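User: I have a model here that I would like to go through. Could we begin with the strand pairing and then move on to the helices?
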Amino acid sequence: MPEHILSGIKAIVAMKLRRKGMIQREIAEIIKSDRSIVSHYLSGRYPKRKILNVAKTIEDLPPNYGSKLIHSLTDDKTLAKNLIKELYEVKLTWNDTSCIACGSCLVCVALTLDNFKIKIDENACYLCGSCTLQCPTNSLKFVKEE
Amino acid sequence: MIEQVKETFENGFRIYRDGKIETRELLWNDEPCVGCGICADICPVEAIAMGPLGAIAKGDIIAPKLDIDEEKCVLCGMCASACPFNAMDLKINGKSIKEDERYPKIKRDIKISQDKCVLCEQCEMVCPQSAIEVERTLAERSKFVIGEVNINKEKCVLCGICADYCPADAIDLKYCYPTPSNPKPITDIEVNSDKCVYCKVCEFVCPHNAIEVICYKCPMMKRIPKAELYKDINGKTVVDKDACVTCGWCAFICPAEAIEVEKPFKGEVIIDVDACNACGACVAICPCGALEFPMPKDKAEKVPRLIINQNLCVLCGACSKACPINAIKVKRTEINFEREPVAIAWKEAFKKLMNQ
(Lines give C-alpha, C1' and ligand atoms only; values in the text may rest on other atoms or scores of the structure.)
Protein backbone atom coordinates (compact mmCIF):
# COMPACT_ATOMS: atom_id res chain seq x y z
CA MET A 1 0.00 0.00 0.00
CA PRO A 2 2.61 2.67 0.90
CA GLU A 3 4.12 2.20 -2.56
CA HIS A 4 0.75 2.87 -4.17
CA ILE A 5 0.19 6.04 -2.20
CA LEU A 6 3.69 7.15 -3.06
CA SER A 7 2.89 6.54 -6.73
CA GLY A 8 -0.21 8.67 -6.36
CA ILE A 9 1.84 11.52 -4.95
CA LYS A 10 4.44 11.07 -7.68
CA ALA A 11 1.68 11.26 -10.28
CA ILE A 12 0.33 14.53 -8.87
CA VAL A 13 3.85 15.96 -8.72
CA ALA A 14 4.55 14.79 -12.30
CA MET A 15 1.47 16.56 -13.56
CA LYS A 16 2.39 19.74 -11.67
CA LEU A 17 5.87 19.72 -13.15
CA ARG A 18 4.48 19.06 -16.63
CA ARG A 19 2.28 22.10 -16.27
CA LYS A 20 5.40 24.08 -15.46
CA GLY A 21 6.74 23.00 -18.81
CA MET A 22 9.24 20.35 -17.78
CA ILE A 23 10.00 17.50 -20.08
CA GLN A 24 9.57 13.88 -19.07
CA ARG A 25 13.28 13.28 -18.55
CA GLU A 26 13.55 16.12 -16.04
CA ILE A 27 10.41 14.98 -14.27
CA ALA A 28 11.76 11.42 -14.07
CA GLU A 29 14.90 12.70 -12.38
CA ILE A 30 12.99 14.65 -9.76
CA ILE A 31 10.54 11.92 -8.83
CA LYS A 32 13.15 9.18 -9.27
CA SER A 33 11.07 7.03 -11.61
CA ASP A 34 11.51 5.59 -15.10
CA ARG A 35 10.46 7.76 -17.99
CA SER A 36 7.92 5.14 -18.99
CA ILE A 37 6.25 5.38 -15.60
CA VAL A 38 6.25 9.16 -15.85
CA SER A 39 4.49 8.75 -19.13
CA HIS A 40 1.87 6.58 -17.44
CA TYR A 41 1.40 9.19 -14.74
CA LEU A 42 0.95 11.96 -17.25
CA SER A 43 -1.45 10.05 -19.44
CA GLY A 44 -3.60 9.15 -16.46
CA ARG A 45 -3.36 5.40 -17.07
CA TYR A 46 -1.83 4.86 -13.68
CA PRO A 47 -2.41 5.01 -10.74
CA LYS A 48 -6.05 4.32 -10.10
CA ARG A 49 -8.54 6.99 -9.18
CA LYS A 50 -8.82 5.70 -5.59
CA ILE A 51 -5.08 6.04 -5.04
CA LEU A 52 -5.07 9.49 -6.56
CA ASN A 53 -7.82 10.48 -4.13
CA VAL A 54 -5.62 9.47 -1.18
CA ALA A 55 -2.72 11.42 -2.67
CA LYS A 56 -4.97 14.47 -3.16
CA THR A 57 -6.04 14.26 0.47
CA ILE A 58 -2.38 14.30 1.46
CA GLU A 59 -1.88 17.33 -0.78
CA ASP A 60 -4.64 19.13 1.12
CA LEU A 61 -2.99 18.50 4.50
CA PRO A 62 -1.04 21.28 6.18
CA PRO A 63 2.47 20.91 4.71
CA ASN A 64 4.18 20.19 8.05
CA TYR A 65 1.86 17.21 8.64
CA GLY A 66 1.84 16.06 5.01
CA SER A 67 5.63 16.11 4.93
CA LYS A 68 5.80 13.73 7.87
CA LEU A 69 3.43 11.38 6.06
CA ILE A 70 5.43 11.47 2.83
CA HIS A 71 8.64 10.75 4.74
CA SER A 72 6.93 7.72 6.24
CA LEU A 73 6.20 6.36 2.77
CA THR A 74 9.80 6.13 1.66
CA ASP A 75 13.27 5.74 3.10
CA ASP A 76 14.74 7.80 0.26
CA LYS A 77 15.02 11.19 1.97
CA THR A 78 16.03 13.05 -1.19
CA LEU A 79 12.99 11.72 -3.01
CA ALA A 80 10.72 12.69 -0.14
CA LYS A 81 12.27 16.16 -0.10
CA ASN A 82 11.70 16.58 -3.87
CA LEU A 83 8.11 15.44 -3.61
CA ILE A 84 7.31 17.71 -0.65
CA LYS A 85 8.95 20.68 -2.33
CA GLU A 86 6.99 20.23 -5.56
CA LEU A 87 3.69 19.06 -4.03
CA TYR A 88 3.32 21.88 -1.52
CA GLU A 89 5.69 24.38 -3.16
CA VAL A 90 6.99 25.34 0.26
CA LYS A 91 10.21 26.43 1.83
CA LEU A 92 11.30 26.16 5.44
CA THR A 93 11.58 29.67 6.85
CA TRP A 94 12.61 31.12 10.16
CA ASN A 95 10.91 34.14 11.70
CA ASP A 96 13.37 36.29 13.62
CA THR A 97 10.69 38.38 15.29
CA SER A 98 8.98 35.57 17.16
CA CYS A 99 11.89 33.18 17.81
CA ILE A 100 12.83 32.99 21.49
CA ALA A 101 16.03 30.99 20.84
CA CYS A 102 14.95 28.12 23.06
CA GLY A 103 16.76 25.51 21.02
CA SER A 104 13.78 23.14 20.91
CA CYS A 105 14.18 22.87 17.14
CA LEU A 106 17.75 21.64 17.40
CA VAL A 107 16.70 18.06 16.72
CA CYS A 108 18.21 18.13 13.27
CA VAL A 109 21.68 18.70 11.85
CA ALA A 110 20.31 21.14 9.29
CA LEU A 111 19.65 23.72 12.01
CA THR A 112 22.12 25.72 14.04
CA LEU A 113 21.48 28.32 16.72
CA ASP A 114 23.99 31.06 17.17
CA ASN A 115 23.50 34.36 18.94
CA PHE A 116 19.69 34.13 18.87
CA LYS A 117 19.70 33.34 15.14
CA ILE A 118 18.69 30.08 13.51
CA LYS A 119 20.52 29.09 10.37
CA ILE A 120 18.90 26.61 8.01
CA ASP A 121 21.23 24.53 5.89
CA GLU A 122 18.95 23.93 2.92
CA ASN A 123 21.13 21.14 1.56
CA ALA A 124 20.96 19.18 4.78
CA CYS A 125 17.25 19.85 5.30
CA TYR A 126 14.92 17.14 4.01
CA LEU A 127 11.78 19.16 4.73
CA CYS A 128 10.66 16.56 7.26
CA GLY A 129 8.92 19.25 9.31
CA SER A 130 9.99 17.92 12.70
CA CYS A 131 11.36 21.31 13.68
CA THR A 132 8.11 23.06 12.80
CA LEU A 133 6.27 20.76 15.17
CA GLN A 134 8.83 21.34 17.94
CA CYS A 135 8.87 25.13 17.73
CA PRO A 136 6.81 26.60 20.61
CA THR A 137 6.40 29.98 18.95
CA ASN A 138 5.70 28.84 15.41
CA SER A 139 8.82 30.59 14.22
CA LEU A 140 9.86 27.75 11.93
CA LYS A 141 7.26 27.34 9.25
CA PHE A 142 6.71 25.99 5.79
CA VAL A 143 5.91 29.01 3.70
CA LYS A 144 4.56 28.92 0.12
CA GLU A 145 7.26 29.74 -2.34
CA GLU A 146 6.54 32.69 -4.57
CA MET B 1 11.09 15.00 20.56
CA ILE B 2 13.96 15.16 23.00
CA GLU B 3 12.90 14.19 26.46
CA GLN B 4 13.12 16.78 29.22
CA VAL B 5 13.85 15.45 32.65
CA LYS B 6 12.94 17.19 35.88
CA GLU B 7 14.81 16.46 39.05
CA THR B 8 13.63 17.87 42.35
CA PHE B 9 16.01 18.64 45.18
CA GLU B 10 15.41 19.68 48.74
CA ASN B 11 15.87 23.33 47.83
CA GLY B 12 14.76 23.49 44.23
CA PHE B 13 14.77 21.61 40.99
CA ARG B 14 16.39 21.34 37.61
CA ILE B 15 15.00 20.66 34.16
CA TYR B 16 17.43 18.98 31.85
CA ARG B 17 17.44 18.39 28.11
CA ASP B 18 20.24 16.50 26.43
CA GLY B 19 19.93 17.12 22.72
CA LYS B 20 22.32 15.91 20.09
CA ILE B 21 23.43 19.43 19.33
CA GLU B 22 23.30 21.08 22.74
CA THR B 23 22.42 20.39 26.35
CA ARG B 24 20.33 22.74 28.38
CA GLU B 25 19.77 22.81 32.09
CA LEU B 26 17.46 25.14 33.98
CA LEU B 27 18.10 25.43 37.69
CA TRP B 28 15.88 26.98 40.33
CA ASN B 29 16.80 27.56 43.93
CA ASP B 30 14.17 28.31 46.54
CA GLU B 31 16.51 30.11 48.92
CA PRO B 32 17.35 33.28 46.97
CA CYS B 33 13.88 33.25 45.33
CA VAL B 34 11.74 36.04 46.77
CA GLY B 35 8.58 34.97 44.96
CA CYS B 36 8.46 38.06 42.76
CA GLY B 37 6.99 36.15 39.82
CA ILE B 38 8.94 38.06 37.19
CA CYS B 39 9.83 34.68 35.69
CA ALA B 40 6.16 33.74 35.41
CA ASP B 41 5.38 37.10 33.81
CA ILE B 42 8.06 36.79 31.16
CA CYS B 43 7.68 33.07 30.34
CA PRO B 44 6.64 32.83 26.67
CA VAL B 45 4.96 29.45 27.09
CA GLU B 46 3.26 30.02 30.46
CA ALA B 47 5.08 27.11 32.02
CA ILE B 48 5.67 28.78 35.41
CA ALA B 49 3.04 28.71 38.12
CA MET B 50 3.51 30.58 41.38
CA GLY B 51 2.69 28.84 44.64
CA PRO B 52 0.42 30.17 47.40
CA LEU B 53 2.88 32.97 48.14
CA GLY B 54 1.02 34.68 50.96
CA ALA B 55 0.63 31.49 52.96
CA ILE B 56 4.24 30.46 52.28
CA ALA B 57 5.58 33.85 53.35
CA LYS B 58 3.52 33.83 56.53
CA GLY B 59 4.76 30.34 57.31
CA ASP B 60 1.30 28.79 57.23
CA ILE B 61 2.41 26.12 54.79
CA ILE B 62 5.71 24.83 53.52
CA ALA B 63 5.78 24.69 49.74
CA PRO B 64 8.05 25.79 46.91
CA LYS B 65 7.41 29.37 45.78
CA LEU B 66 7.00 28.30 42.18
CA ASP B 67 6.84 25.34 39.92
CA ILE B 68 7.73 24.86 36.28
CA ASP B 69 5.83 22.42 34.12
CA GLU B 70 8.58 20.48 32.36
CA GLU B 71 6.14 19.49 29.62
CA LYS B 72 5.51 23.12 28.73
CA CYS B 73 8.97 24.55 29.43
CA VAL B 74 11.11 24.93 26.32
CA LEU B 75 14.27 25.94 28.22
CA CYS B 76 14.60 29.25 26.41
CA GLY B 77 16.07 30.86 29.54
CA MET B 78 14.02 34.07 29.58
CA CYS B 79 13.09 33.41 33.21
CA ALA B 80 16.71 32.91 34.21
CA SER B 81 17.76 35.99 32.29
CA ALA B 82 15.08 38.16 33.89
CA CYS B 83 15.37 36.82 37.46
CA PRO B 84 16.86 39.72 39.42
CA PHE B 85 17.67 37.59 42.46
CA ASN B 86 19.92 34.81 41.11
CA ALA B 87 17.33 32.18 41.93
CA MET B 88 17.36 30.84 38.39
CA ASP B 89 20.00 29.94 35.92
CA LEU B 90 20.10 28.35 32.49
CA LYS B 91 23.19 26.50 31.45
CA ILE B 92 23.73 25.84 27.76
CA ASN B 93 26.39 23.19 27.27
CA GLY B 94 27.38 23.80 30.87
CA LYS B 95 27.82 27.55 30.46
CA SER B 96 25.60 29.87 32.45
CA ILE B 97 23.73 32.48 30.43
CA LYS B 98 24.46 34.95 33.25
CA GLU B 99 28.03 34.90 32.03
CA ASP B 100 27.11 34.88 28.36
CA GLU B 101 27.57 38.37 26.94
CA ARG B 102 24.85 37.82 24.36
CA TYR B 103 22.10 37.19 26.88
CA PRO B 104 20.37 40.15 28.51
CA LYS B 105 20.95 40.80 32.18
CA ILE B 106 19.23 43.08 34.65
CA LYS B 107 21.61 45.26 36.60
CA ARG B 108 21.50 45.42 40.33
CA ASP B 109 24.38 46.42 42.52
CA ILE B 110 25.47 47.81 45.84
CA LYS B 111 28.68 49.65 46.48
CA ILE B 112 29.95 50.73 49.84
CA SER B 113 32.62 53.38 49.91
CA GLN B 114 34.93 52.44 52.76
CA ASP B 115 36.45 55.92 52.59
CA LYS B 116 33.14 57.61 53.29
CA CYS B 117 31.79 55.03 55.71
CA VAL B 118 31.70 56.20 59.30
CA LEU B 119 31.14 52.70 60.70
CA CYS B 120 27.94 53.74 62.44
CA GLU B 121 26.47 50.22 62.10
CA GLN B 122 23.02 51.55 61.28
CA CYS B 123 22.94 49.85 57.87
CA GLU B 124 23.59 46.54 59.58
CA MET B 125 20.60 47.18 61.81
CA VAL B 126 18.16 48.00 59.02
CA CYS B 127 19.17 45.47 56.35
CA PRO B 128 16.10 43.25 55.87
CA GLN B 129 18.23 40.39 54.58
CA SER B 130 20.99 40.71 57.19
CA ALA B 131 23.42 41.03 54.31
CA ILE B 132 25.56 43.77 55.85
CA GLU B 133 28.15 43.30 58.49
CA VAL B 134 30.09 46.15 60.02
CA GLU B 135 33.32 45.09 61.53
CA ARG B 136 34.67 47.91 63.63
CA THR B 137 37.50 47.98 66.08
CA LEU B 138 37.82 50.84 68.46
CA ALA B 139 40.88 52.14 70.16
CA GLU B 140 41.34 51.17 73.79
CA ARG B 141 39.01 53.09 76.06
CA SER B 142 41.97 54.17 78.09
CA LYS B 143 43.18 56.23 75.16
CA PHE B 144 40.33 58.66 75.67
CA VAL B 145 39.29 58.04 79.28
CA ILE B 146 42.29 58.49 81.44
CA GLY B 147 42.86 59.99 84.85
CA GLU B 148 43.26 59.07 88.45
CA VAL B 149 41.18 58.82 91.57
CA ASN B 150 42.95 59.20 94.85
CA ILE B 151 41.13 58.19 97.97
CA ASN B 152 42.62 59.37 101.17
CA LYS B 153 42.16 56.28 103.26
CA GLU B 154 42.85 58.27 106.43
CA LYS B 155 39.91 60.59 105.83
CA CYS B 156 37.59 58.05 104.22
CA VAL B 157 35.02 56.59 106.61
CA LEU B 158 33.78 53.97 104.08
CA CYS B 159 30.30 55.47 104.16
CA GLY B 160 29.67 54.42 100.52
CA ILE B 161 27.89 57.68 99.60
CA CYS B 162 30.26 58.10 96.65
CA ALA B 163 29.33 54.61 95.41
CA ASP B 164 25.61 55.47 95.58
CA TYR B 165 26.15 58.59 93.48
CA CYS B 166 28.66 57.16 91.01
CA PRO B 167 26.96 57.29 87.54
CA ALA B 168 29.37 54.69 86.17
CA ASP B 169 29.01 52.17 88.97
CA ALA B 170 32.79 52.25 89.27
CA ILE B 171 33.25 52.30 93.05
CA ASP B 172 33.46 48.94 94.76
CA LEU B 173 33.13 48.59 98.50
CA LYS B 174 34.54 45.43 100.03
CA TYR B 175 31.86 44.04 102.27
CA CYS B 176 32.49 41.25 104.72
CA TYR B 177 30.53 39.49 107.41
CA PRO B 178 31.39 41.18 110.70
CA THR B 179 32.89 38.86 113.28
CA PRO B 180 34.47 39.51 116.71
CA SER B 181 37.92 39.19 115.18
CA ASN B 182 37.01 41.26 112.14
CA PRO B 183 34.29 43.57 113.36
CA LYS B 184 34.05 46.01 110.42
CA PRO B 185 31.32 45.35 107.80
CA ILE B 186 33.22 47.25 105.11
CA THR B 187 36.93 46.73 104.87
CA ASP B 188 38.04 48.68 101.84
CA ILE B 189 37.05 50.89 98.94
CA GLU B 190 38.34 50.55 95.36
CA VAL B 191 37.83 52.31 92.08
CA ASN B 192 37.32 50.15 89.01
CA SER B 193 39.41 51.88 86.36
CA ASP B 194 37.59 50.01 83.56
CA LYS B 195 34.36 51.74 84.48
CA CYS B 196 35.44 55.06 85.96
CA VAL B 197 35.12 58.07 83.68
CA TYR B 198 36.80 60.53 86.04
CA CYS B 199 33.71 62.71 86.15
CA LYS B 200 34.49 64.01 89.64
CA VAL B 201 31.01 63.28 91.04
CA CYS B 202 32.53 61.26 93.88
CA GLU B 203 34.82 64.12 94.69
CA PHE B 204 31.87 66.52 94.93
CA VAL B 205 29.66 64.26 97.01
CA CYS B 206 32.25 62.94 99.48
CA PRO B 207 31.22 64.51 102.85
CA HIS B 208 34.70 63.95 104.18
CA ASN B 209 36.76 65.45 101.37
CA ALA B 210 38.58 62.16 101.06
CA ILE B 211 38.52 61.88 97.25
CA GLU B 212 40.53 63.71 94.66
CA VAL B 213 39.88 63.11 90.97
CA ILE B 214 42.14 64.19 88.12
CA CYS B 215 40.97 63.78 84.52
CA TYR B 216 43.87 63.78 82.10
CA LYS B 217 41.79 64.20 78.98
CA CYS B 218 39.23 66.89 79.69
CA PRO B 219 41.39 69.92 79.23
CA MET B 220 43.08 68.30 76.23
CA MET B 221 39.95 67.12 74.37
CA LYS B 222 39.42 70.51 72.83
CA ARG B 223 42.83 70.34 71.31
CA ILE B 224 42.36 66.98 69.59
CA PRO B 225 40.77 67.58 66.18
CA LYS B 226 37.74 65.37 65.47
CA ALA B 227 39.35 63.88 62.37
CA GLU B 228 42.24 62.64 64.38
CA LEU B 229 39.85 60.99 66.77
CA TYR B 230 38.39 58.96 63.90
CA LYS B 231 41.81 57.56 63.13
CA ASP B 232 41.44 55.45 66.19
CA ILE B 233 38.23 53.91 64.87
CA ASN B 234 39.07 51.24 62.33
CA GLY B 235 37.08 48.68 60.43
CA LYS B 236 35.06 48.05 57.34
CA THR B 237 31.54 47.44 56.24
CA VAL B 238 31.05 44.25 54.29
CA VAL B 239 28.02 43.34 52.24
CA ASP B 240 27.07 39.85 51.16
CA LYS B 241 26.06 40.52 47.55
CA ASP B 242 24.30 37.17 47.19
CA ALA B 243 22.02 37.91 50.11
CA CYS B 244 21.54 41.61 49.30
CA VAL B 245 18.29 42.41 47.48
CA THR B 246 19.35 46.01 46.74
CA CYS B 247 16.35 47.46 48.52
CA GLY B 248 18.39 50.57 49.29
CA TRP B 249 17.38 50.86 52.91
CA CYS B 250 21.03 51.11 54.00
CA ALA B 251 21.76 53.83 51.43
CA PHE B 252 18.59 55.66 52.44
CA ILE B 253 19.62 55.96 56.08
CA CYS B 254 23.42 56.13 55.69
CA PRO B 255 24.48 59.38 57.37
CA ALA B 256 27.70 59.57 55.32
CA GLU B 257 26.28 58.78 51.87
CA ALA B 258 28.79 55.96 51.71
CA ILE B 259 26.44 53.44 50.10
CA GLU B 260 25.36 53.45 46.49
CA VAL B 261 22.61 51.08 45.45
CA GLU B 262 21.63 50.41 41.86
CA LYS B 263 18.11 49.07 41.67
CA PRO B 264 16.87 46.81 38.89
CA PHE B 265 13.76 48.82 38.04
CA LYS B 266 12.30 52.29 38.18
CA GLY B 267 8.66 52.89 38.83
CA GLU B 268 6.22 52.80 41.70
CA VAL B 269 3.94 50.58 43.71
CA ILE B 270 0.30 51.57 43.83
CA ILE B 271 -1.82 50.35 46.71
CA ASP B 272 -5.59 50.32 46.61
CA VAL B 273 -6.02 50.99 50.33
CA ASP B 274 -9.79 50.78 50.18
CA ALA B 275 -9.74 47.30 48.70
CA CYS B 276 -7.02 46.03 51.07
CA ASN B 277 -8.32 43.71 53.76
CA ALA B 278 -5.10 43.78 55.76
CA CYS B 279 -4.28 40.09 55.47
CA GLY B 280 -0.59 40.85 55.75
CA ALA B 281 0.58 38.57 52.92
CA CYS B 282 2.41 41.44 51.21
CA VAL B 283 4.19 42.50 54.37
CA ALA B 284 5.28 38.93 54.98
CA ILE B 285 6.63 38.32 51.48
CA CYS B 286 8.31 41.68 50.82
CA PRO B 287 12.06 40.96 50.69
CA CYS B 288 12.79 44.61 51.46
CA GLY B 289 10.48 45.13 54.39
CA ALA B 290 9.13 48.17 52.56
CA LEU B 291 5.49 47.59 53.46
CA GLU B 292 3.95 48.26 56.82
CA PHE B 293 0.69 48.48 58.70
CA PRO B 294 1.48 51.37 61.05
CA MET B 295 -0.33 51.57 64.36
CA PRO B 296 -3.58 53.40 63.64
CA LYS B 297 -3.60 56.92 65.03
CA ASP B 298 -7.33 57.10 64.95
CA LYS B 299 -9.03 54.54 67.15
CA ALA B 300 -12.10 54.56 64.95
CA GLU B 301 -10.05 53.05 62.15
CA LYS B 302 -10.95 49.39 62.13
CA VAL B 303 -8.68 48.05 59.40
CA PRO B 304 -5.04 49.09 59.55
CA ARG B 305 -4.00 50.99 56.45
CA LEU B 306 -1.14 49.59 54.42
CA ILE B 307 1.67 51.97 53.56
CA ILE B 308 4.80 51.60 51.45
CA ASN B 309 8.08 53.40 51.56
CA GLN B 310 8.95 53.63 47.84
CA ASN B 311 12.58 54.39 48.71
CA LEU B 312 13.02 50.93 50.18
CA CYS B 313 11.24 49.03 47.37
CA VAL B 314 12.92 47.13 44.50
CA LEU B 315 9.68 46.89 42.48
CA CYS B 316 10.02 43.12 42.31
CA GLY B 317 6.26 42.69 42.52
CA ALA B 318 6.21 39.91 45.09
CA CYS B 319 3.58 41.84 47.10
CA SER B 320 1.35 42.12 44.09
CA LYS B 321 1.70 38.39 43.40
CA ALA B 322 0.99 37.49 47.03
CA CYS B 323 -2.04 39.78 47.39
CA PRO B 324 -5.16 37.63 47.21
CA ILE B 325 -7.37 40.47 46.02
CA ASN B 326 -5.00 42.29 43.65
CA ALA B 327 -4.97 45.44 45.71
CA ILE B 328 -1.33 46.12 44.89
CA LYS B 329 -0.06 47.10 41.46
CA VAL B 330 3.58 47.42 40.51
CA LYS B 331 4.19 49.92 37.74
CA ARG B 332 7.66 49.66 36.30
CA THR B 333 8.71 52.44 33.96
CA GLU B 334 12.29 51.44 33.31
CA ILE B 335 14.48 48.37 33.48
CA ASN B 336 18.10 48.88 34.45
CA PHE B 337 19.93 46.62 32.00
CA GLU B 338 23.50 45.52 32.35
CA ARG B 339 23.10 43.92 28.93
CA GLU B 340 20.08 44.76 26.81
CA PRO B 341 18.15 42.12 24.91
CA VAL B 342 18.99 41.99 21.22
CA ALA B 343 16.62 39.42 19.74
CA ILE B 344 13.23 40.91 18.87
CA ALA B 345 11.17 38.33 20.77
CA TRP B 346 13.32 38.87 23.86
CA LYS B 347 12.93 42.65 23.64
CA GLU B 348 9.17 42.21 23.52
CA ALA B 349 9.25 39.79 26.44
CA PHE B 350 11.15 42.24 28.65
CA LYS B 351 8.71 44.98 27.64
CA LYS B 352 5.97 42.82 29.16
CA LEU B 353 7.55 43.42 32.58
CA MET B 354 6.79 47.11 32.22
CA ASN B 355 3.24 46.96 30.90
CA GLN B 356 1.43 45.49 33.82
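User: In β2(B), what is the bridge partner of Glu7(B)?
Analyst: The partner of Glu7(B) in β2(B) is Arg14(B). Strands here are DSSP runs of E with at least two residues, helices are runs of H or I with at least four residues, and both are numbered from the N terminus. This is a predicted model, in which local features need pLDDT of at least 70 and side-chain atom pairs count only at pLDDT 80 or more, while totals for chains, interfaces and linings use all residues. Residues are numbered from 1 along each chain as its sequence is written, and chains are lettered from A and ligands numbered from 1 in the order in which they are written.

User: How many bridges join β1(B) to β2(B)?
Analyst: Six bridges join them, and the two strands run antiparallel. Two strands count as paired if DSSP finds at least two bridges between them. β1(B) and β2(B) form a hairpin, with two residues between them.

User: And what about β2 and β3 of chain B?
Analyst: Strand β2 (residues 12-18) of chain B is joined to strand β3 (residues 23-29) of chain B by seven bridges, again in an antiparallel arrangement. Within this pair, Ile15(B) is opposite Leu26(B), and Asp18(B) has Thr23(B) as its bridge partner.

User: Which sheet do they belong to, and in what order do its strands lie?
Analyst: They belong to an open sheet of five strands in chain B, ordered β1-β2-β3-β6-β7 with antiparallel pairing. β1 (4-9) and β7 (95-96) of chain B stand at the edges with a single partner strand each, so one side of each has no neighbour in the sheet.

User: What domains does chain B have?
Analyst: The assignment gives domain 1 (4-106), domain 2 (109-131 + 240-336) and domain 3 (141-221). Such bounds come from an automatic or database domain assignment. The C-alpha centres of domain 1 and domain 3 of chain B are 68 Å apart.

User: What are the confidence scores?
Analyst: Chain B has an average pLDDT of 90, and 95% of its residues score at least 70; pLDDT is the predictor's confidence in each residue, from 0 to 100. The model has ipTM 0.82 and pTM 0.81.

User: Turning to chain A, how many helices and strands does it have?
Analyst: Chain A has seven helices and four strands. Along the sequence they follow the pattern α-α-α-α-α-α-β-β-β-α-β.

User: At what angle do α1 and α3 of chain A pack?
Analyst: Helix α1 (residues 2-19) and helix α3 (residues 35-43) of chain A pack at about 80°, with axes 9 Å apart. Axes are lines fitted to C-alpha atoms, for helices over the stretch in contact, and angles run from 0 to 180 degrees between N-to-C directions. The two helices are therefore roughly perpendicular, a term for angles of 65 to 115 degrees (under 35 is roughly parallel, over 145 roughly antiparallel, and the rest oblique).

User: Which residues of α3(A) meet α1(A)?
Analyst: Val38(A), Tyr41(A) and Leu42(A) do, and they meet Lys10(A), Ala11(A), Ala14(A), Met15(A) and Arg18(A) of α1(A). Contact requires C-beta atoms, placed from the backbone, within 7 Å. By class, this contact has six nonpolar, no polar and two charged residues. Ala, Val, Leu, Ile, Met, Phe, Trp, Tyr, Cys and Pro count as nonpolar, Asp, Glu, Lys and Arg as charged, and the others, Gly among them, as polar.

User: Finally, how many residues does each chain give to the contact between A and B?
Analyst: Chain A gives 16 residues and chain B gives 18 residues. On the side of chain A that touches chain B, eight are nonpolar, seven polar and one charged.

Methods:
Contact = placed C-beta atoms within 7 Å.
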